[in-house]
Amino acid sequence: MASNSRYVVTGSKDETIHIYDMKRKVEHGALLHHTGTVTCLKFYGSRHLISGAEDGLMCVWDAKTWECLKIFKAHRGHVTYLCIHPSGKLAMSVGTDKTLRTWNLVEGRSAFIKNIKQNAHIVEWSPSGEKYIVVVQNKVDVYRLHTASVSGTITNGKRVSAVTFLSDSVLAVAGDEEVVRFFDCDSLMCLCEFRAHENRVKDMVSFEVPDHHVLVTASNDGFIKMWTLTQDKKDPPSLLCEVNTGARLTCLAAWLDRATEEKARLPPAAEPCPEQPKTVKKDSGDTIEEETSEPNSEKSDVTGDSKQPTKGKSPATAKKRKMANVSEKKGKKKM
């Protein structure tokens with residue numbers, strides 16, 4: 001799931017991305033490009049959505065017209081997770097081909113590939129974009145953007161299922177257990193931990209509203225809980241409210257009904273990208289290598305054999321697709 005100032009989108013094993021208009025409280029339609037389970041969705045501001053799936057593709061969508069603007073052949077295996085730099089100029093993805101890839105969204109091409117030797121299942125930028133984390137099983141590697149090297153590793157008790165930055169240096173980590181822990185990304189020390197649920201925590205999101213910094217957790221026990229955080233994050237948060245959905249929860253997104261929409265958008269090509277990690281000599285499995293393919297060749301290689309959606313058309317609803325199929329059959333009978 002993902003949300004922006006107006007829409008919530010969901011992806012699943014049915015290979016579709018469903019769009020819900022939260023202002024009007026109606027289903028808006030569906031995006032049908034992927035040919036595998038949709039595994040990750042991220043909005044950037046109110047204008048762009050990026051999706052990843054088991055077909056190895058990453059798609060960039062215009063969140064106003066819902067046109068598919070760009071298709072990346074992201075990984076040789078499944079795309080397991082993706083994240084967008086706070087500037088909107090870079091993105092990162094991890095996949096089952098044991099690589100971490102950096103994408104230049106300004107030029108629409110791959111920038112770097114890093115072999116990480118294992119299948120990572122989460123990658124996330126810090127709020128400032130100066131660091132990022134990569135999660136493999138129960139370990140969280142903390143990277144610095146300017147060096148692209150690991151500055152430290154946080155080890156959790158069990159496999160990590162969800163992470164969220166509470167500040168640029170404090171990371172909330174949840175695993176296949178009932179406990180949530182707060183870690184300092186610089187000292188790598190655990191600041192505090194608390195029992196959040198009766199079963200494993202599956203997802204978390206955090207946001208700020210007047211007078212409150214809120215953490216929301218969802219668990220297999222069916223509960224969604226909202227917690228208010230202390231300023232220094234060294235004390236366990238206080239429970240604000242909870243609701244029992246009666247369902248086995250797997251993911252979570254928070255939609256905030258704000259009066260004004262965000263004006264964030266992907267930057268124009270004239271603006272420089274954030275400082276990118278330097279190319280490292282390729283001599284072992286754990287290396288970084290700069291992509292040498294030109295943007296034009298990248299486009300033809302990615303989109304040459306793919307099914308491009310028709311530009312300018314809104315997403316198809318199930319009712320419209322059914323009516324189109326009926327009209328086509330009647331036309332054939334008359335002929």
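1. What pLDDT does the chain average, and what share of the residues score at least 70? The chain averages 82, and 77% of the residues score at least 70; pLDDT is the predictor's confidence in each residue, from 0 to 100.

2. This is a predicted model, in which local features need pLDDT of at least 70, side-chain atom pairs count only at pLDDT 80 or more, and totals for chains, interfaces and linings use all residues. Residues are numbered from 1 along each chain as its sequence is written, and side-chain values use heavy atoms, with hydrogens and water left out.

3. Ser128 lies in the loop between strand S13 (122–125) and strand S14 (131–136); strands are DSSP runs (E, at least two residues), numbered from the N terminus. Ser128 counts as partly exposed because its relative accessibility is 35%, the class between buried (under 20%) and exposed (over 50%; 1.4 Å probe, protein chains only).

4. Beyond its neighbours within four places in sequence, Ser128 is in contact (heavy atoms within 4.5 Å) with Pro86 and Asp168. Pro86 is 42 residues away in sequence, yet the C-alpha atoms of Ser128 and Pro86 are 6.8 Å apart. With Asp168, the side chain of Ser128 forms a polar contact of 2.7 Å: a pair of N or O atoms within 3.5 Å, one able to donate a hydrogen and the other to accept it, where residues adjacent in sequence count only if both atoms are side-chain atoms. The Ser128 side chain also reaches the backbone nitrogen of Glu130 at 3.2 Å.

5. Residues 317–335 have pLDDT under 50, with five contacts beyond four places in sequence. Where pLDDT is low, the predicted coordinates should not be read in detail.

Methods: Helix = DSSP H or I, 4+ residues; strand = E, 2+ residues; numbered from the N terminus.
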